[in-house]
Amino acid sequence: MNRPKHILHKRPQHIDEYPVGPTFRAGYLPDKNAGWRTFRPVIDQEACVNCMMCYLVCPDGTIYKTDEGLYVDYDFCKGCGVCAHQCHVEAIKMVKEEHDEQ
Amino acid sequence: MSSKKVFVSGDEAVAMGARLARPHVVAAYPITPQTIVVERLSEMVEDGSLEAEFMHVESEHSAMSAAIGASSVGARTFTATSSQGLLYMAEGLHYASGGRFPVVMMNANRSVALPWSIFGDLRDSLSQLDSGWIQVYVEDAQEALDMTLQAFRIAEDQKVLTPFMVNLDGFVLTHTYEEIIVPEQEKVDAFLPAFKTPSKMSMDAPMNMGFSSSPADNMEFKFQQHMAMMDAMPVIEATDQAFGQAFGRYYKGMVDAYLCDDAEVVLVTVGSITGTARVVVNSMRAEGKKVGLLKLRYMRPFPVEQLQDNVRGKAAVGVLDKDISFGMEGTIYTNINSAMARGGLSIPTYNFIAGMGGRNISRDDIRYMFDALMEVADGGASRKQVEFVNMGVTIDE
């Protein structure tokens, strides 16, 4: 599970910098996509047994692994809670987001 | 092989034009009155005279989806439809234009149900004016073949990359037989270079195709589509001229004006009825009546300036619409009034709704339209701006 690196797309300044239609080299992401999350999944690294169930069930592919353990990419997690619901060892807690009231 | 003359229907002329363009993929579903196009193309693939993948699909929605898929990887792609089939494709039409996939499609203009009818009018394609496709309307079988060839060159131009709809009047063009010239394959090959997609799929450079876009970018893509359509106008003119040089038939670009220069009144027509109208103009000219005829060839992009140039200073302008946008007026009339208003032209305009659902439009009907326009020019009483011509019954005024 090599997690591909996000290449941030530089915002075009002139119309000619846009691709011809919505087709472009794969791997670029112009936007983060998580703004409407109400609860965020938080993985308890002590309780986690690295079974990878959360990785399998995440509909947005936001669970990734490092040498230290499993983590959630909050730039793309929508907060659906499927990972917490499916975790056999209850290592994932859904924690209320505290958005700035603007 | 030299060019040859053959006696064929409009549908067969389109199939012959499509074969000459050497498409890689044909994906189409048969529907009256387009069916013969699909039959002939499948026979050509079967007998080996057309080396293309003929995709059998279960519907027009699938035909357009398959065409988009083929075009997206750089295949030259042809399809054809009509009426209900075009409407069933409607979702895909926007995908093709938004994706900038230069699919070429023949559409046999046919009435839209209900009441169910297989006969001709323009309510199918004109309802799709906003789908982002280039729309040309042809007058005869020769123009149908020739525009099928021009369509690929225009649609695949790197400045354009926009799908192209070639419209033929159902039955009047699709099922009547005419003598046409079939160009030589070598000359067509020289006229029509291979399609080069700007978004080629490869393992070295994987592409994300047909992505979504947030409000921060979406409007820019739509602006691009608009600019591509505007940029198509000079490409259409240049392509028509190049075609004329190569094959000896030049269609005068976006509009074909007939005796408009000194005319007092002008009637605007689209498609095959132009031939009948030209006969009426000739007989009225013989009587000394200064009438002119403007054959509007393209509905998208719309030739705003060419239209203005041909009606400026006239006493009245008539528009023949084989369609109606219920509760308003004919769609061609709407477009022409807008173009005239943008040029500051305040000329009285009159909309003649005729020939819907396959009703005949006779020389007498067109004579009636010109007489009405001349009456206005001579200072006659004001008349209804939107009028149904040749109704079979009396109606309350």
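Okay, let's start inside chain B: strand β4 (residues 77–82) and strand β5 (residues 104–109) of chain B pair in the parallel sense, over five bridges. By pairing I mean that DSSP finds at least two bridges between the two strands. Ala80(B) is the residue that stands opposite Met106(B) in β5(B).

Quick housekeeping. This is a predicted model, where local features need pLDDT of at least 70 and side-chain atom pairs count only at pLDDT 80 or more, while totals for chains, interfaces and linings use all residues. Residues are numbered from 1 along each chain as its sequence is written, chains are lettered from A and ligands numbered from 1 in the order in which they are written, and side-chain values use heavy atoms, with hydrogens and water left out. As for element names, helices (H or I, at least four residues) and strands (E, at least two) are DSSP runs, numbered from the N terminus.

Back to those strands. They sit in an open sheet of seven, ordered β3-β2-β4-β5-β7-β6-β13 in chain B, and the pairing is mixed. At the edges you have β3 (53–56) and β13 (298–300) of chain B, each pairing on one side only. From one strand to the next, the twist averages 20 degrees. For angles, axes are lines fitted to C-alpha atoms, for helices over the stretch in contact, and the values run from 0 to 180 degrees between N-to-C directions.

What packs on this sheet? Helix α3 (residues 60–72) of chain B does, touching β2 (25–28), β3, β4 and β5 of chain B, and its direction makes about 160 degrees with that of β4(B). Touching, or contact, here means heavy atoms within 4.5 Å. Then there's helix α7 (residues 141–155) of chain B, which lies across β4, β5, β6 (134–137), β7 (164–169) and β13 of chain B and runs at about 170 degrees to β7(B).

On to another sheet in chain B. This one is open too, with six strands in the order β10-β12-β11-β14-β15-β16 and mixed pairing. Its edges are β10 (255–258) and β16 (386–388) of chain B; each has a single partner strand, so one side of each is left without a neighbour in the sheet. Here the twist averages 20 degrees from one strand to the next.

The partner of β10(B) is strand β12 (residues 291–296) of chain B, running antiparallel to it, with four bridges joining them. If you want a landmark, Val255(B) has Leu296(B) in β12(B) as its bridge partner. Lying across β10, β11 (265–269), β12 and β14 (316–321) of chain B is helix α10 (residues 273–286) of chain B, at about 165 degrees to β12(B).

Now, the interface. 20 residues of chain B are in contact with 12 residues of chain A. For chains B and A that comes to about 1500 Å² buried, 60% of it on carbon and sulfur atoms; that's accessible area with a 1.4 Å probe, summed over both parts.

Over all chains, the structure holds 23 salt bridges.

Strand β2 (residues 23–25) of chain A pairs with β9(B) in the antiparallel sense, over three bridges. Arg25(A) is opposite Met207(B) there.

The peptide bond from Thr32(B) to Pro33(B) is cis, omega near 0 degrees, and Pro33(B) is in the loop between β2 and α2 (35–46) of chain B. Ala113(B) to Leu114(B) is a cis peptide bond as well, with omega near -10 degrees; Leu114(B) lies in the loop between β5 and α6 (123–126) of chain B. And over in chain A, Asn50(A) has a positive phi, near 60 degrees, in a residue other than glycine. You'll find Asn50(A) in the loop between β4 (39–43) and α1 (53–57) of chain A.

Technical notes: Buried area = accessible area lost by both parts, 1.4 Å probe. Salt bridge = Lys/Arg side-chain N within 4 Å of Asp/Glu carboxyl O.
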